[in-house]
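Subject: Structure handover

Hello,

Please find the structure below. My notes on what was found follow it.

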Amino acid sequence: MTRTSRILQHIVLLVFALYALMPIYLVLLASVRSESDLFSGPLSLPWPIDFSNFRRVWFESGFSRFIVNSLMISVGSTLLVVLTAPLAGFAFAKLKFRGKEAVFALFLAGLVVPAPSVIVALYGDLQALGLLNTRIGVILPQAALLLPFSIFMMRTVMEDVPDELLEAAVIDGATLFETYVKVVLPVVRPGLLSLALIAFLFSWQEYLLPLVVIQDEALKPLTVGAATLQGRYGVDYGGIAAAGIIAFAPIVALFLVLQRSFTRGLTAGAVK
Amino acid sequence: MYSSRQAWLFVLPALLLYGAFVAVPILQVAAYSMFSWDNGSIKAFGGLSNYSRLVSDNVFWTALGHNAIWAVLTLCFPLLIGLILASILAERSPRLVKVMSAVYFLPRTIPLVVAGIIWGWIYNPVFGLLNYLLDMAGLGSWGGAWLAEPGSALISLNAAGAWTFYGFCILIYLSAIQSIDPSLYEAASLDGASWGQRFRFITVPLLKSTTLFLGLYSAIEAMRFFDLVWVTTQGGPGYDTEVLTTHIYKTFFLVGDFGYAAALSVVLLVIVLLVGGLSYRILRQP
Amino acid sequence: MKLELKRRGLAKAATSVIMLATASTALAQENVVTQWDQFSNAGITAAGPAMDELIKTCEASLKDVKILRTVVPSIGIRESYRLAVSADKTPDLGYTWPAASVLAGYARTGKVAPLDDYYKKYGWENVNAFYRGRNSYQGKLYAVPMEQDLMGVYYNKAMFTELGLAVPTTYAEFKDVVEKIKAAGRVPIAFGNRDRWPATNTLSLILGLTAGRAGEEKVFFGDEPWRNPKFKLAAETFQRWANDGYFPRGFNGIGYDEANALFLGGRAAMTITGTWVLQDMARGAKFDLGVFMLPPIAGDVPAGTMWGEGSQWQISAAAPQNVKDAAASYIDCLTSKDSRKVWVEKGYLVPIGTTPDELKSWETLPVVKDFYTEGLKTPDANFYDLHTTVPESVTQVLYPELQKLIGGETTPDDFLAAMQASWKAAIDKGERWVP
C-alpha cells in the first residue's frame with residue numbers, strides 16, 4: 001500500500017472518530033459549565049468546572065430516582081428474557097416437536113413489530129391487568145418485545161452445542177430439563193452473557209413504552225426523565241447535559257468493560 | 001427420549017409472555033381499527049371506513065414518503081461508511097480495531113432520546129454547535145435552522161440517526177470480513193492488486209449477504225423509528241419530518257382517534273412484515 | 001367474592017382486601033380525592049409551592065377531605081389525562097389544559113361530571129359569564145376555571161430607553177418600533193416555535209386584533225368560514241412579521257424557553273407571550289421588565305387581548321358521590337379570596353375573578369400588577385384563545401400549518417383552506433365546542 005493511501009485511510013478513520021466523539025465531548029463540556037455561561041459558545045472551556053448541574057439534576061429533578069427505576073426496569077426485563085429465551089432457543093435448535101415451524105415463524109414475525117403499533121392496545125390491556133403506572137407494566141411488554149430477537153439469537157447459540165453432549169446426558173438418565181440446566185447452560189454461558197447485555201441495553205434505552213405506561217414522576221426511568229427536562233426548566237443546557245450523562249454513563253461503562261460480549265451478541269444474529 | 005409435550009414446555013414461558021404482550025395486542029389493534037372512536041371511547045362499528053380514510057390522508061402519504069427517504073439515506077450513508085471503515089480497519093492491528101470499533105459504536109449505546117436531545121442542540125439555530133463552527137470558519141451564511149427548514153430538516157435528522165447507526169454497520173461488516181479466507185487477499189496482493197481493487201473485487205462481492213442483511217435491517221428500522229423525531233421536531237416544521245410512527249402517536253395520543261391510529265398501526269405492521277418476510281426469504285437463499 | 005378470588009388470583013384479592021379494610025376505616029373521617037395537576041416548581045405554571053400550601057390549608061379547614069396529589073408535567077398532561085380517561089382511571093379531580101375544546105370531548109362522552117349543582121351551592125361568582133361559557137357544553141357547566149391567562153408584549157425597558165423608543169399605542173407605532181430595533185441590529189421579538197404551540201398563541205393575539213371578538217365568534221360558533229377577509233389579514237400579518245425579520249433567524253427551530261432566554265439575555269427587545277411565564281420572566285430579567293398590550297391591527301377593532309383560562313378543575317363522572325362533594329368543597333376552598341391571595345403572592349398566578357384593586361393591595365411583583373391591570377381594562381373586548389377553542393383534531397392541523405405559514409412554505413390562502421377543511425371535518429364529527 002502506498003504511503004499516501006495509508007495516510008488517507010488514517011484520516012478517514014480519524015474523521016469518523018471525531019464524528020462519533022464530538023457530540024459526547026460537547027455534552028461533557030456543557031455538563032460542567034455554569035448557567036451564566038449560556039451565551040459564551042458551546043465549545044468554550046468551562047471554568048471554573050462546576051458540578052452543580054449534576055447536583056441539581058440528581059437531587060432536585062429526580063434523577064436519583066429515575067436511575068433506580070431504569071435499573072429496576074432493565075434488570076427486570078433482562079431477567080425475564082434470560083429465563084425464557086434460552087429455553088425456547090434450545091427447543092428450536094435441538095428438539096423436535098409438533099408445530100415447531102409455525103411457532104418459530106410467529107416469533108420471527110415479531111422481529112419487525114414496531115412498539116408504536118402495539119401500544120394502542122397494550123395500554124388498555126395493562127389497565128385491565130392493573131399494571132398501568134407500575135414498573136412491572138413496563139417490564140412485561142418490554143421483555144415480550146425483546147423476545148423475538150433473543151430467541152433468534154439463542155437458537156443460533158444453541159445450535160453450536162454438540163449433540164454428543166446431550167446424548168451423553170440422556171444416556172446417564174438425565175431428564176430433558178436436567179440436561180438443559182446441567183449440561184447446556186454451562187456450555188452457552190458466554191452467549192447468555194451477551195444476551196443479557198443486549199437485553200439490558202435495549203431496555204435501558206426504551207422511551208415510548210415507559211412514556212405511555214408511567215405517569216407517576218416517582219416511577220419514571222431515565223429516558224423519560226431526560227426528555228421531560230427539555231422545555232420544563234427554561235434553557236438549562238447544563239442540567240440537560242448532566243441528565244444525559246447520567247442516562248448514558250452506566251451503559252457506556254458497561255459496554256467498555258464488556259465490549260467483547262456486547263459485540264458477540266450484536267453480531268450473533270446478523271452474520272449467520 | 002422426550003415427548004412433544006416436554007419440548008413444548010420449553011417454548012411455553014416465552015410463548016405466553018410474547019402472546020400476552022405482543023401477539024394478542026396486535027389482534028386487538030386490528031379489531032380497534034374496525035370501530036370509530038370519540039375521544040378515547042368506542043362510538044360505533046365502522047367496518048373498513050378507517051382504512052378508506054388513508055387514501056385521502058395527505059399526512060399519511062407524506063409520512064410514508066419520509067420513511068422511504070429515510071431508508072434510502074440510511075443505505076447511502078451509514079452502510080457505505082460502515083463498509084469502507086470496516087475494510088480499512090480489518091487490515092490494522094487487533095488493538096487498534098478494538099479501540100476504534102469501540103469508539104465508533106459508542107453512540108449506539110446512548111439512548112436515542114438522549115441522542116435526539118444532543119443533536120437537537122447541535123443543530124439549534126441560536127445556541128447550536130454547527131452554526132457556531134460555521135461562524136468561526138467565516139461561513140456564517142451557510143448556517144441555518146437545520147431542523148426547522150423544509151430543505152434540510154429530514155437530512156439533518158438522518159445525519160443524527162446515522163451517528164447512532166454506522167458503528168453497528170462497522171461491527172457487522174468487520175466480523176463478516178474477518179470470516180473471509182485471508183488467502184484470497186494474500187493471493188490478490190501477490191498479483192499486485194491495490195487496496196481499492198481488493199476492496200472492489202473481493203470484499204464487496206463476498207459481503208453481499210451482509211450488505212443485504214444490513215440493508216433490510218435498516219429498511220425495517222426506517223419504518224419504525226420514533227424517539228429521534230419525537231424529541232427533536234415532533235414531525236415539524238409543518239410535516240417535513242413526519243413519519244408513520246409520529247403520525248400514529250399524534251392520532252392516538254393527541255387527537256384521541258384510536259380507530260384511525262389502529263388502522264395506521266395495522267398498515268405499518270403489514271409493511272414491516274412484508275419487508276421482513278422478503279428479507280427472510282432472500283437471506284435464506286444460499 | 002369467592003369467584004373473584006379464583007379469577008383474579010390471590011395477590012390481587014389480598015390487596016383489594018387490604019384496600020377495603022383501609023378504606024372502611026378511612027371512610028368515617030375522610031374522603032380521599034385523587035388530584036392531577038401541573039403546578040411544578042419552575043417553568044410554565046410554576047405555582048407548585050402555592051399548591052402544596054393550599055392543599056394543607058384546605059385539608060385543615062375542610063377536615064373530611066384528603067388530597068392525593070400527582071404532579072403531571074404540563075407538556076404531557078393532556079395525553080396522560082386522555083389515556084387515563086380511556087382506561088377508566090380518570091383522576092377524581094383534574095387540572096388540565098386547555099379548556100373548552102378538550103373539555104367538550106369529555107363532556108360529550110360523559111367522562112366528566114356536570115357541576116351545575118355545585119355552582120348553585122357555592123355561587124362561584126368570580127367565574128363570570130364569559131368564563132362560564134368557556135366551561136359549558138350544551139348548557140351544562142363542567143369545570144371551574146382558575147388561572148386567568150392574558151397575552152401581552154414583554155419588553156426590555158432599558159433597551160427601549162437606549163434606542164429612544166416609546167411604548168407604541170397604535171399598530172403603526174408598533175411597526176415603527178420594530179423597524180427601529182431592526183435598524184439598530186437587534187432582534188425585535190424573541191419568538192421560537194419549535195415546540196409548535198407558541199405560534200398558536202401569537203396567532204390568537206393577532207386574530208383578535210384583526211377580527212375582534214365578534215368576528216371570531218362568527219367563525220367559532222357560527223357558519224362563517226375560516227377563509228374570510230379578517231382571518232386572512234391575521235394570517236398575512238403573521239407571515240409578514242416572519243418575512244420582515246420581526247423574529248430571530250430560524251425561529252421554527254428555536255424552543256419556547258430558548259426564545260424567552262434570548263429576551264431575558266438582552267438579545268431581543270420584546271417577546272409576545274402570556275402571563276403563564278410571569279414568574280420565570282420576573283425572576284430571570286436582569287433589566288427593568290415592562291409589559292404593554294399589542295394595539296389593534298385592523299382599524300375597526302377595539303383594543304383588547306387574548307384572554308384564556310389556562311386550565312380548569314374538572315371532576316370525574318365516575319367518582320363516588322362523596323368524593324365529588326369533597327372535591328367540590330375543596331375547589332371552593334382553592335378559589336376563595338384567601339386562597340386567591342396565596343396563588344397571587346406565592347404562585348405568581350392570578351385566579352379568575354381577582355380584581356385589579358385586590359392585586360394592588362396584595363404583595364406581588366410590579367410586573368404582575370401591570371400585566372393584569374392592562375389586560376383587565378378591556379373585559380368586553382378580550383377575545384378567544386385558539387388552543388382552548390378549537391377541538392384537538394383541529395389543533396393538530398393548526399400546529400404544522402402554522403409552522404408552514406410563518407416558515408413561508410404556504411400562502412395565507414392555503415393556510416386558511418387547510419384550517420377550514422379540518423374545521424369542517426371536526427364539525428361533521430360533532431367535535432365543535434359551542435358554549
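Across which strands of chain C does helix α3 (residues 48-62) lie? Helix α3 of chain C lies across β1 and β2 of chain C, and runs at about 165° to β2(C). Axes here are lines fitted to C-alpha atoms, for helices over the stretch in contact, with angles from 0 to 180 degrees between N-to-C directions. Helices (H or I, at least four residues) and strands (E, at least two) are DSSP runs, numbered from the N terminus.

This is a predicted model, in which local features need pLDDT of at least 70 and side-chain atom pairs count only at pLDDT 80 or more, while totals for chains, interfaces and linings use all residues. Residues are numbered from 1 along each chain as its sequence is written, and chains are lettered from A and ligands numbered from 1 in the order in which they are written.

The sheet in chain C

Five strands of chain C make an open sheet with mixed pairing, in the order β2-β1-β3-β12-β6; two strands pair if DSSP finds at least two bridges between them. At the edges are β2 (65-71) and β6 (144-145) of chain C, each pairing on one side only. Strands β1 (residues 31-37) and β3 (residues 93-96) of chain C run parallel and are joined by 2 bridges. W36(C) has G94(C) in β3(C) as its bridge partner.

Contacts between chains

Chain A brings 78 residues into contact with 75 residues of chain B (contact: C-beta atoms, placed from the backbone, within 7 Å). On the side of chain A that touches chain B, helix α1 (residues 3-31) of chain A has the largest share, 13 residues. Between chains B and C, 26 residues from chain B and 26 residues from chain C take part. Helix α12 (residues 244-255) gives the most to chain B's side of that contact, with 4 residues.

Buried parts

A residue is buried if 20 or more other C-beta atoms lie within 10 Å of its own, exposed if 12 or fewer, and partly exposed in between. Leaving aside neighbours within four places in sequence, Y330(C) is in contact with V33(C), C58(C), L62(C), V65(C) and I67(C).

Helix α5 (residues 112-122) of chain B has 11 of its 11 residues buried, so α5(B) is largely enclosed by the rest of the structure. Among them are W119(B) and W121(B).

Regards

Technical notes. Two residues are in contact if their C-beta atoms, placed from the backbone, lie within 7 Å.
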